[in-house]
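Subject: Structure handover and notes

Dear colleague,

I am passing on the structure we spoke about, with the sequence alongside.

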Amino acid sequence: MFFLLLMVMTASEVFSQETRQMSAEAQALLQCLKEIEGKKTLSGTMANVNWNINEAKWVYQHTGKWPALNCFDYIHHIFSSPGGWMDYSNIKEIYNWYHQGGVVAIMWHWNVPANQSGQYSFYWGTESDKTLFDVRKIFEPESDEYKLMMKDIDIVISFLKPLKERNIPILWRPLHEAGGKWFWWGMDPEACNELWRVMYRRFQDAGLDNLIWVWTQAAAWNMPYSEGYKWYPGDEYVDIVSIDIYNNNSSSNIYNSCYKFLRNYSPDKLVALTECGNVPTISKQWKAGSKWLFFMPWYDYGRTSDPKSEAFKSTDHSYCNADWWTEAFSNDFVLSRSDFRQLMTNIQTVTTEQSPANSERYNLNGQPWTGDQSGVSVINGKKYVTNANY
């Protein structure tokens, strides 16, 4: 297992919630991301539909480099079963990606019963293939909707636990683009925020301390961006703020209306481009000031659904072609998977019992290590992650 280069910041500065627990691996990943913020950006790909690295394979085929991050999706949570056509208990792909040096992200297109009996949807609407599922029922524990939400959250907990047991940190991105109001969870901001907090606490109670929480602003609505923060659950429940951008060819506009906006509204949070498509090259965005923590073009279903197909060999893409990716990797600030792994070579982990005496330890600010602490420290010039919660 590998461990991560860390930022100069103590754990108490990262999290304000006294009750929050966070695994050593998640601490290390989050602090590493803070260290590279504004200096480097992680390249990322989205799984084709949900549970593969097909897009990453396509990028590698045409550039010779693996992206640093791969995002998976629990979109088929209701259909998953051991050995079935969809089996989220089979974590081999994620396990291998992580141990090869990659960062793991997971999102959740949350399907609920659609308006047509026997169907499912995450889109809000009156049409038969959409849903009128009422997120406001999160305030009514006796309602059928509340019970279904808790049931589904517990199902996802069961998917995440094997990753926790293998000490794999996850960038967790639930309830995305809520302010766009095209998903059922976004139809009421107060209810959406409560659902986020309920999920957060339920995950914590289940021992899922390996999650880094990513909140996503929607970038395509007819309202001021500031309205989007009505769907923000609170700083103590969020580690990274992000935005999804499609079909915007102006680097200056992306900086002024998206990156700068998030930076101003959340000055203490990391800022990422969690989805994108048909946007300027990452170097143009970077030069304009949008120094994203990571970027992730969306998948092209027809292009990458089958790595053995003729379509997979093409350099074309619905959102970012091979030239876009080649240009991205030509910049030294864009990290591939091997680049990111290189940052992790000097980190070791120890348990609390194995740690040297406090008098020999220092935090990353160079101050003596005091009290019953855990997290990141320096011992005789080497960085350590103490595998204990705080």
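I begin with helix H3, which runs over residues 54–63 and in which Asn54, Glu55, Ala56, Trp58 and Val59 are buried. The cover over these buried residues of H3 includes strand S1 (41–46), strand S2 (69–73), helix H4 (92–99), H9 and H10. Just after H3 comes glycine 64, whose phi is positive at about 80°. Please keep in mind throughout that this is a predicted model.

Two other residues have a positive phi without being glycine, and I would look at each of them in its setting. Valine 49 takes a positive phi of about 75° although it is not a glycine, and it is found in the loop between S1 and H3. Leucine 175 has a phi near 50°, again a positive value in a residue other than glycine, and its place is the loop between strand S6 (170–173) and H6. Leucine 175 counts as buried, because its relative accessible area is 3% and the cut-off for buried is under 20%.

For the chain as a whole, the secondary structure comes to 11 helices and 15 strands, and 56% of the 390 residues count as buried. Among the contacts with a separation of 6 or more, 71% are accounted for by residues 24 or more positions apart. The accessible surface of the protein chain is about 16,300 Å², and 45% of that surface belongs to carbon and sulfur atoms.

Alanine 191 has its place in helix H6 (residues 189–205) and is buried, with a relative accessibility of 0%. Leaving out residues up to four places away in sequence, alanine 191 touches Val135, Arg136, Ile138 and Phe139. Alanine 191 and proline 233, which are 42 residues apart in sequence, have their C-alpha atoms 9.8 Å apart in space. Valine 198 is also in helix H6, and with a relative accessible area of 13% it too is buried. With residues up to four places away again left out, valine 198 touches Ile138 and Met150; the C-alpha atoms of valine 198 and isoleucine 138 are separated by 8.7 Å, although the two residues are 60 residues apart along the chain.

At 1.5 Å a residue, the 15 residues of H7 (residues 251–265) should span 21 Å, and the end C-alpha atoms are 20 Å apart, which agrees. Tyrosine 259 is one of the buried residues of H7, which are Ser251, Ile254, Cys258, Tyr259, Phe261 and Leu262. These buried residues of H7 pack against strand S7 (211–218), S8, strand S9 (270–277) and helix H8 (282–288).

The aromatic residues deserve a separate paragraph, as a search of the whole structure finds 40 aromatic pairs. In one of them, the rings of phenylalanine 122 and tyrosine 123 have their centres 4.8 Å apart and their planes at 50°, so the pair is tilted. Phenylalanine 122 is buried, at 13% relative accessible area, whereas tyrosine 123 counts as partly exposed at 39%. Tyrosine 246 and tyrosine 319 form another aromatic pair, this one edge-to-face, with 5.6 Å from centre to centre and 65° between the planes. That pair links distant parts of the chain, since tyrosine 246 is in strand S8 (residues 240–246) and tyrosine 319 is in the loop between helix H9 (301–304) and helix H10 (322–329), 73 residues apart. Tyrosine 246 is partly exposed at 28% relative accessibility, and tyrosine 319 is partly exposed at 27%.

Beyond pairs, one aromatic cluster is formed by Trp51, Phe72, Tyr74, Tyr88, Phe159, Trp172, Trp196, Tyr200, Phe203, Trp213 and Tyr237. Lastly, the charged end of arginine 337 sits over the ring of tryptophan 97, at 4.6 Å from the centre of that ring.

Key: Residues are numbered from 1 along each chain as its sequence is written. This is a predicted model: local features need pLDDT of at least 70, side-chain atom pairs count only at pLDDT 80 or more; totals for chains, interfaces and linings use all residues. Side-chain values use heavy atoms; hydrogens and water are left out. Helices (H or I, at least four residues) and strands (E, at least two) are DSSP runs, numbered from the N terminus. Buried means under 20% relative accessible area, exposed over 50%, partly exposed in between (1.4 Å probe, protein chains only). Contact means heavy atoms within 4.5 Å. Accessible areas come from the Shrake-Rupley method with a 1.4 Å probe; for residues, only the protein chains shown count as cover. Rings of Phe, Tyr and Trp (its six-membered ring) pair if their centres lie within 6.5 Å; planes under 30 degrees apart count as stacked, over 60 as edge-to-face and the rest as tilted. A charge sits over a ring if NZ of Lys or CZ of Arg is within 6 Å of the ring centre and within 35 degrees of the ring normal. The expected span of a helix is 1.5 Å times one less than its number of residues.
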